[in-house]
Amino acid sequence: MVKIPILTLLLATLIVFGGSGCGPDADDDTRRGNKPETTDFCEEHQIAETQCPFCNPSLIESLGHCDGHGVPEALCYQCNSALIPAFKSVGDWCAGHDRPESQCYICNPELDPARQETPATEPTAAATQPVDSPTASAAPMGYFSRTQQPPSVNCSTLGLVVRFDHPDIAEAAGLQLAAVESRAVTKTIECSAELAYDGNRYAQLSAQVPGIISEVRKDLGDHVEPGEALVTITSTHLGAAKASYLQAVAAVALWQRNHAREADLLDRGVSTEKDFFEAETRLAESRIALSETEQALFSFGLSKQQVEDVRQGDDTSARYAVKAPFSAIVVDRHATIGEVVDPSKPLFAVADVSRMWALIDVYESDLRHIQAGQPAVLHVEGLPGDSFAGQITWVDSQLSPQTRTLRARVELDNNRGLLRAHMFAKASVTVRDRRQSLVVPEAAVQWEGCCNVVFVKKSETVYEPRRVHLGIATGTVYEVLDGVSEGEEVVTQGSFLLKTEILKGSIGAGCCEVDPGA
């Protein structure tokens, strides 16, 4: 039990509501007409009043978060060394590790960084300085996401309560309450995206045999149908392959007749079995040769019908056409008449642009939320006022080592033809769509060193710090997975004041009595 004397709360109330000065004697000096020695220095906390988070708790919200060290900017002693005397003055200082006790990981082993979540960015050098401990290291507070941290089983606030001497003190201290409620929660995440052709309807076409381009039939932007020729190539290799194929066809026909003749002669006793078996062997060899030359033509891109046409028409021409595999538009061309063809280099690229892909980059901190099947809306930079809806169809299994982001794919209809490959866009992915959840206002949640806590009103004079396991954040409320029940009242404005009091008691240097068994 943390018992807060009336004088302490009244003093805190005076500070919060803008009393002149920052100390118990400030108003006395004013009433006596004496001018304080300095008008901008807090004697109690040894820091400029404009920088004193203990006298001006509103600074914690107004200054925001220190991304480099993972604490509120107003409480970051690494960015503002003037805060060190202030922490020492309120007893929140770990002399053994030279940092505030409320930010000391060595004294709180449950905050082992190995258990925490790795961020998308590297911690700063100032945040990763070694500490004087051979067995422990102090990672920066920003080395994990506090809102995703489950409650610690060794939390020092277990069993504590904050008890006021009188019911009027809570009102005088400016405490405000909000009820834990069930609400339909919608959560979206914002991602950068780049448009690309549908990989299942995109093809780079190249010649499958060396040669010289003799005719170019299609140009950029032209529409092509399946099997339609884009370019014609003259290739001596193809002519030779056709000739070899026709030679193999003729050889098979010859040895079929010879095999039949030897069989007839053997039946009449005119020929020997040796001659018959030799003819049978030659027939088998010729059929194998025919199969090899036929496969060579297939490898050049000829279809079965085209190979049959070569057989029927004795075609030994060296002309060869590169054809479209599906209905598409020519989106790239590298073919020029007279150019020598290299099979390893594409001549054309074709794509079906009626559908496009948006490749989005998901931040590492959002990985737990993203999955296939979620709806997404894209706003393309070059098309202001238009939005394009789609659905995530694929999520990568690995992070990019350069950007530390995860790539996912959204498929989009492009019937109007407005979308182009390599356009940049912003994607809003709905990761939670109106699911009923318990929520508390963000202002109600405080980080007390190892856990996220809210202060639950038990009576007019008693407030209990309750460990909570948080889910998603919407920007105004947190989803609560565990720790509170619907209908309970939690402190919003003034929750930081109550947290300060339990921290003073938990480190043994506050002005309040601490009774863990209460």
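**View 1. Strand 14 and strand 16 run antiparallel to each other.** Residues 328-333 form strand 14 and residues 348-351 form strand 16, and four bridges link the two, where strands are DSSP runs (E, at least two residues) numbered from the N terminus and two strands count as paired if DSSP finds at least two bridges between them. R333 has F348 of strand 16 as its bridge partner. The model is predicted, so that local features need pLDDT of at least 70 and side-chain atom pairs count only at pLDDT 80 or more, while totals for chains, interfaces and linings use all residues. Residues are numbered from 1 along each chain as its sequence is written, and side-chain values use heavy atoms, with hydrogens and water left out.

**View 2. The open sheet has four strands in the order 9-16-14-11, with antiparallel pairing.** Strand 9 (202-205) and strand 11 (223-224) are the edge strands, each of which pairs on one side only.

**View 3. Strand 10 pairs with strand 12 and with strand 15.** Between strand 10 (residues 211-216) and strand 15 (residues 340-341) there are two bridges in the antiparallel sense, and I212 stands opposite V340 of strand 15. Strand 12 (residues 229-234) is joined to strand 10 by four bridges, again antiparallel, with V231 of strand 12 as the bridge partner of V216.

View 4. Helices here are DSSP runs of H or I with at least four residues. Of the 518 residues in the protein, 42% are buried, that is, under 20% relative accessible area with a 1.4 Å probe, protein chains only.

Notes. Buried means under 20% relative accessible area, exposed over 50%, partly exposed in between (1.4 Å probe, protein chains only).
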